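Have the viewer ready and follow along.

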Amino acid sequence: MSQPRGGKSGEEIAAERIEEVRKNGAAKLDLSELGLGECPAEVADLIWLQELDLWNNQLTALPDWLGHLTQLQRLYLSTNQLTTLPDWLGHLTQLQRLDLSTNQLTTLPDWLGQLTQLQRLDLSNNQLTALSDWLGQLTQLQWLDLSNNPLTALPDWLGQLTQLQWLYLSNNPLTALPDWLGQLTQLQWLYLSNNPLTALPDCLGQLTQLQGLDLSNNQLTVLPDGLGQLTQLRWLYLSNNQLTALPDWLGQLTQLRWLYLNNNQLTALPDWLGQLTHLLELKLSGNPLSDDLLEAAEQGIARLLDYLRELGESAVEMWQAKVMLVGEGGHGKTCLLRALKGEPFVAGHLPTPLLDVRTLSLRHPTRDGELDLRAWDFGGQDFYFATQQFFFTGKSIFLLVWNPRGDFQRDPLKNWLDRIYALAPDAPVYLVATHGDTQVPRIPLAQLKEEYPNIAGEVFSVDSKSGKNIDLLRDALRRKAASLPHMGVRRPTSWVRATGAIHNHPENYLPVERFRELVKEHGVREVNTFLAQLSLSGEITYFSKNPIYHPETAELNDWVILKPAWLLQRISDVLTDRHTQTTAVFRDQDLGTIWPNLPGYVCGFLARLMEHFDLAYRVGDHSGRRIVVELSPVDRPAAVLPRWSEWVANSAFPKVALHYKFPIAIPPGLPTWFTARAHSYTTPEHHWRGGAFLCDGNGNAGLIETELDHKTVRLEVRGPVPLEFFTKLRICFEDTVNRFPGLKQRLREYVPCAETGCPGFDRKTLELELADGVTEIRCQAPECRRKHRIETLLYGLRPSRQERTLEEILDSVKGLQQEFHLLTARAQSRLDSRCPSLISLEYERLPDILPSVMEGWRNELIDKPVPARLGLYCMHPGSPHHVRSYEIQPPGRRLAELAPLVREAHKILGLALPLIGRKAPNLKDVTEGWSDKLSKPLGMLDETGEETQRVYGTALVALRQILMECAAEEEDRWGGLRQVLLLKSQYLWVCEEHATHPDYQG
């Protein structure tokens, strides 16, 4: 007997539906999704039936009497366990639609060729290795699905099915396509995704009625010219191939609405792409495109197409890059730069205070013309590094300059390599030893290259006074600069004119609107793209997007800094101010003293910039005071340990802890930036340069400490229910770490033993073990050797309890929500992906596509609308509750893209069920309504192996599109939800009531 539903078994529900059809003489009988092991015999009496739906049951065979239902026109047998088909099926000669998908068929009987009225035949998701000749007799077929079978070739007689309009051949091991495919001239949709195709036949160009062509997930390197004849195409999917360039004929497809080019090897886009003015969606992610194109694409498809048209009008190749001279003060960086520029040696010059940006023009190594390099000569004072590193980028070449007279073991050379690698792991670094006439560099170069793969070439031993090896270094520099990926990229000619005007401008800064006017006067149309590229190359400093956290936040875009050295000097004015150095505080009334020659509104901008950079934080007492975290005490304040001991001594308090092991030296600024971001949980008396003591106001306390010698940061939280507070601090810290691209991929996380000082366990290993049902794990450290409960280690859940308390469940809900927000936070980096992410879905059934969904064939999903109800939830941690539902009809592809969001939301809402009576009275009905139906297929869909951020980004883009289609008038306020900022790390969408919570910034 099938599983009961609402107190009734599937057989009982089937009997009721059969009796209802018998009474009213209905032509349609729906017995789908009832878990039936056999077809009820009572159906045999319904000889007038025209449609019978047995989809998604457990049928292994079909009864003979079904052959008597000769009036059937539509028969759905998908998603059962059929291995063979009975002979009587050939008697149903009135059939127009037959769905046999998602069974276990290996062959098809010849007599099925008698069903000559068939218009739609679905054989997908079976085990067919060959196709019977009788298929060629079904000349009325308009829709044929052969996807997801092990077919290696297609028979010639398929070319006789000239009425076909839809043909699915995806997910087969087809290595080539036959020429007869060009005979199917009525085709409107052709799906060929997920085949190992390396080339396409020219005959595809004969399919001039095609509106949709899916060639994604193949191995195509070029496209045949014949495809240029498909002028009716509206959908063209070319993602996940190996295309390096786009053919010119693509510009002839002027009816294109959707063009997917993501995950290829495209390095440039042709200008004529700007002529495809009907495009609604253009996917480019996963291609090594130049930054100007990526920046324009982030502005939206209209901006990108306009930029391409601007390139088409007039463009030149630009050869601009940054050269960063770094190292200790007094080691000869400025003298080296003068030597590289061909200027005379100057003895006894004053040291570079902070930053000097100069032009370095070098001859191109292989062609006429020059490389226009901007040399950034940084002062070597370690005190300023926490601010200087904001200008370290991957689009640069680093010259690490040092005097080799000292002992390598005591030399800070490795510290500088660590800093560069942390911020710009892909940027090439040249090691330049000065005083080459008197000193010989002795370093373990092979070992250093193994640790720091971005070291380029050999060590250059130079002498700026005599000129020793300067020419060699100059030659290596110009060759390396010319080879940078962004060099030689075409830019609009107007950019060159505007750049010259900026160089000659007398001001240090301009209001952004005045800057826009200036560059528009010189012909620049895509100003945002121009601004981004100029900032990247070091010509200006402009923060169109917040460069540190949540890049979509444009709160620093009031001003354009024309001279970056001026900005660095203004920040240093704060750090060197005598009163500020003494108190680690600067106030609103101090700004005029620190920056006496600047207008008040510029002073306010600079102060706000320091807050955004987490160099300082504003005290929340309306006093206008800001704490400069870089000036915090070096040593831990005496008040910290006594406070922390209060929580450690309480044996009733569980703890959650995590140790971060860094692959290189912990960069300056990392601990203090975290403190600035989490300042609402601490006070100036309880934080120092290496850590902080924090409290959440709910009885939980945390301690974060840096162990520089061990390259470790230890985070621990204790209290009644510590998980939520721990997760907040963890997310806050990891978002701070994400400022350093070279750290986040190699960072290791260990969970220490519950009661000992053992090294502990790899966090990911614990999570995997727990997911596999393992509840305990033994520590292998000799001083421990004890078994520990994994839930206790990861979540602080106390052992030996029959039931968790309501508070523990609430804390788990909050912790799980924080994890979910962490997954989606950085995915919401573009306007087209910003929307609520805690959602539910309700639907009756997924007609025609659920077999593909359940098998995880994402690229096989058709664009047929799927009626559903989309629920939005307030995302306030611990209190997820429904706010509004929308009736939607997303296409199957878009439904699949929502899978990661729905799967994670299911976890959160499911865990929240015990709180429903108090927290969300209408949640239970919604959750139970969709969780059973979606958990299996969406769980399978999420096993894609894609990068998390890309997966969630795709899901959010799809969700925002759905919301815009059904409620555009509510844009950015869907369901009455407001977007708030938590700990400068993550945006949440919460209801009006929760939006006033003190943790949030509106």
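Leaving aside its neighbours within four places in sequence, which residues is Ser132 in contact with? Keep in mind that this is a predicted model. The partners are Leu108, Asp110 and Trp157. To find Ser132, go to the loop between strand S5 (120-122) and strand S6 (143-145). Despite sitting in a loop, Ser132 has a relative accessible area of 15%, which is under the 20% cut-off, so it counts as buried. Its side chain also reaches the backbone oxygen of Leu108, at 3.1 Å.

Now for the helices. Two packed helices are described by the angle between their axes and the distance between the axes. Take helix H2 (residues 291-298) and helix H3 (residues 301-313): their axes are 6 Å apart, and the packing angle is about 140°. H2 and H3 are therefore oblique to each other. On the H2 side you'll find Asp292, Leu293, Ala296 and Ala297, which meet Arg303, Leu304, Tyr307 and Leu308 of H3. Sort the residues of that contact by class and you get 6 nonpolar, 2 charged and no polar.

Further along, look at helix H17 (residues 670-677) and helix H18 (residues 723-737), whose axes come within 9 Å and cross at roughly 130°. That makes H17 and H18 oblique to each other, too, and H17 passes H18 in a right-handed crossing. H17 brings Leu670, Trp673, Phe674 and Arg677 to the contact, while H18 supplies Leu729, Cys732, Phe733, Asp735, Thr736 and Val737. By class, the contact of H17 with H18 comes out at 7 nonpolar, 1 polar and 2 charged residues.

How values were computed
Residues numbered from 1 in each chain as written. Predicted model: local features only at pLDDT ≥ 70, side-chain atom pairs only at ≥ 80, totals over all residues. Heavy atoms only, no water. Axes fitted to C-alpha atoms, helices over the stretch in contact; angles between N-to-C directions. Helix = DSSP H or I, 4+ residues; strand = E, 2+ residues; numbered from the N terminus. Parallel < 35°, antiparallel > 145°, perpendicular 65-115°, else oblique. Left-handed = near helix turned anticlockwise from the far one by under 90°. Contact = heavy atoms within 4.5 Å. Nonpolar A, V, L, I, M, F, W, Y, C, P; charged D, E, K, R; others polar. Buried < 20%, exposed > 50% of the residue type's maximum accessible area, 1.4 Å probe, protein only. Polar contact = N/O pair within 3.5 Å; in protein donor to acceptor, adjacent residues only side chain to side chain.
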